[in-house]
Amino acid sequence: MRQYFLPLLLAAGLLASCATVVNPVTGREERTVMSEEAEIAEGKKAHQQVLAEYGVYGDAKVQAYVDDLGQRLAKQSHRAHLQWTFTVLDSPEINAFALPGGYVYVTRGIMAYMESEADLAGVIGHEIGHVTARHGAQRATRQQTAGIGVLAASVLGAVLGVGDVASQVSQSVAAGYVASYSRDQELQADQLGAEYLSRNRYDPQNMVDVIRVLKRQEQFAADQARAEGRTPRQGGDWLASHPSNEQRLEQITRIAAGYKDKGAGYVDDGRARYLQAVNGLPFGDSREQGVTRGRNFYHEPLGIALTAPQGWKIQNAQDAVTVVNATGDAGLIMQTVPDKAGKSHEEIIRNVIKPTQGRTEPLTLNGLSATHFVGARQNQQGQTQNVEATLVTGPGAKNYALLYAAKNATALQNARPQLREAEGSFRALTAADRSAARPWVLKSVAYPRGGFAELARRSPLSGNAEQQLRLINGLYGATDEPKAGQLVKVVE
């Protein structure tokens with residue numbers, strides 16, 4: 001649970017005039033509204049906001065490992081002179097992206113699914129390719145030419161998709177803006193990733209492995225949806241302008257095949273080094289984000305916990321934790337209240353909700369002081385909105401808002417008993433809660449004779465543990481098995 005990072009907007013007209021530059025990759029001249037100096041300046045500005053939103057993963061050894069790998073790849077790129085910055089973000093999202101000027105990010109979430117150093121190099125090489133080919137500047141130029149304005153420095157070109165980010169793009173972004181690269185740009189970044197692998201003596205075939213991760217993730221998500229009676233999403237998290245994973249796999253396979261004759265000089269794929277680097281990496285939610293275990297949500301740093309009613313689910317997002325019913329038409333939204341909103345519950349109601357009418361009722365939730373409010377307010381369009389929420393003061397005198405939300409009045413009324421139940425579960429962490437709040441981590445173990453079924457029996461992963469373990473080891477949907485004694489990743 002963390003405040004959500006909205007895409008950054010460069011002021012329209014900041015780079016109003018076009019200039020002609022030579023593209024470092026193609027060698028061809030192109031018109032641009034973003035000089036290299038502007039790329040660097042805007043990337044630097046955006047970098048600080050990305051770090052504030054996601055947080056930097058706190059393991060210095062992992063950061064140094066990724067930075068070393070990234071610097072080696074960048075040194076052999078078409079823009080080696082840039083001051084490159086490589087950062088591991090503390091996010092479970094399976095993602096990677098770049099900002100103009102040489103800022104490249106990988107999440108710890110994507111690292112959990114890579115099988116070797118060369119695989120991670122493929123991810124990073126792809127993102128370096130977006131920067132070296134000046135894809136951000138090209139997009140900014142197209143947008144300004146179309147009269148949209150320069151909208152660079154948002155999350156650019158994820159390797160594994162930008163669906164989670166793109167779905168929450170600020171409404172202030174001009175109509176028609178697409179937070180993705182074009183099909184040709186994505187394929188060019190794949191090709192450059194393969195080239196940078198080869199220049200660093202990694203087999204470009206590892207780019208094929210990276211794209212296969214896309215396909216396995218899509219298949220796993222689709223299979224899970226069907227098992228839960230949901231309709232699978234089409235195309236995973238990719239926006240419509242991206243090439244399909246099938247197209248990308250076909251394309252990168254042809255590209256990698258072109259490097260076959262150069263294979264004699266390739267080094268090993270660095271699997272042993274990689275497994276050592278990710279040993280102990282948090283899997284899923286981290287301590288700082290709070291963890292979900294079944295129907296329970298625990299946030300150890302804040303010292304709070306919440307339990308969903310039977311049949312309801314917990315959704316831990318960047319800016320809130322939501323307890324949602326099975327039909328998805330009602331839920332309880334928990335958010336932290338900024339200190340500046342007020343010291344008392346009455347002040348917070350007055351300053352944040354700004355009611356036009358309403359009543360309050362004092363409550364106690366598991367020994368914590370609370371106030372329930374029912375009333376109405378005016379939205380920005382001058383329309384009257386009904387509001388029902390509970391303010392509660394948790395450990396450390398931190399205030400929280402528990403907002404009742406529903407599709408309509410009928411859904412709210414039907415869900416009210418469960419909403420009250422969820423609200424009533426809000427509590428300070430108990431000793432048992434603190435034990436359950438321990439994040440899961442990746443470990444490397446020898447593959448047992450009992451295979452993934454044996455590993456699943458020992459795993460804290462619930463339900464489909466065996467298939468999840470296959471997925472993080474690159475074997476979901478595959479028929480082959482690791483050899484007994486071979487190191488594989490597990491979750492503990």
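**Exercise 1. Work out how helix α7 packs against α8.**

Step 1. Helix α7 (residues 183-199) and α8 pack with their axes 8 Å apart, at an angle of about 135°. Helices (H or I, at least four residues) and strands (E, at least two) are DSSP runs, numbered from the N terminus. Axes are lines fitted to C-alpha atoms, for helices over the stretch in contact, and angles run from 0 to 180 degrees between N-to-C directions.

Step 2. That angle makes α7 oblique to α8. Angles under 35 degrees count as roughly parallel, over 145 as roughly antiparallel, 65 to 115 as roughly perpendicular and the rest as oblique.

Step 3. Asp190, Gly193, Ala194 and Leu197 of α7 meet Asn206, Met207 and Ile211 of α8, where contact means heavy atoms within 4.5 Å. Sorted by class, this contact has four nonpolar, two polar and one charged residues. Here Ala, Val, Leu, Ile, Met, Phe, Trp, Tyr, Cys and Pro count as nonpolar, Asp, Glu, Lys and Arg as charged, and the others, Gly among them, as polar.

**Exercise 2. Decide how far to trust the model.**

Step 1. This is a predicted model: local features need pLDDT of at least 70, side-chain atom pairs count only at pLDDT 80 or more, and totals for chains, interfaces and linings use all residues. Residues are numbered from 1 along each chain as its sequence is written, and side-chain values use heavy atoms, with hydrogens and water left out.

Step 2. The protein has a mean pLDDT of 83, and 84% of its residues reach 70 or more; pLDDT is the predictor's confidence in each residue, from 0 to 100.

Step 3. Over residues 146-179, pLDDT stays under 50, and it also stays under 50 over residues 235-242. Where pLDDT is low, the predicted coordinates should not be read in detail.

**Exercise 3. Describe the meeting of α14 and α15.**

Step 1. The axes of α14 (residues 451-458) and α15 (residues 465-472) come within 8 Å and cross at roughly 115°. That makes α14 roughly perpendicular to α15.

Step 2. Phe452, Ala453, Leu455 and Ala456 in α14 meet Ala465, Glu466, Leu469 and Arg470 in α15. The classes here are six nonpolar, no polar and two charged residues.

**Exercise 4. Is α15 enclosed or open?**

Step 1. Six of the eight residues of α15 are buried, so α15 is largely enclosed by the rest of the structure. Buried means under 20% relative accessible area, exposed over 50%, partly exposed in between (1.4 Å probe, protein chains only).

Step 2. The buried residues are Ala465, Gln468, Leu469, Arg470, Leu471 and Ile472. Their cover includes α8 (205-227), β18 (440-446) and α14.

Step 3. Just after α15 comes Gly474, with a positive phi of about 70°.

**Exercise 5. Compare two arginines with positive phi.**

Step 1. Arg134 has a positive phi of about 60° although it is not a glycine. Its place is the loop between α4 (117-132) and α5 (135-145), and at 4% relative accessibility Arg134 counts as buried.

Step 2. For Arg201, also not a glycine, the positive phi is about 65°. Arg201 lies in the loop between α7 and α8 and is partly exposed, with a relative accessible area of 47%.
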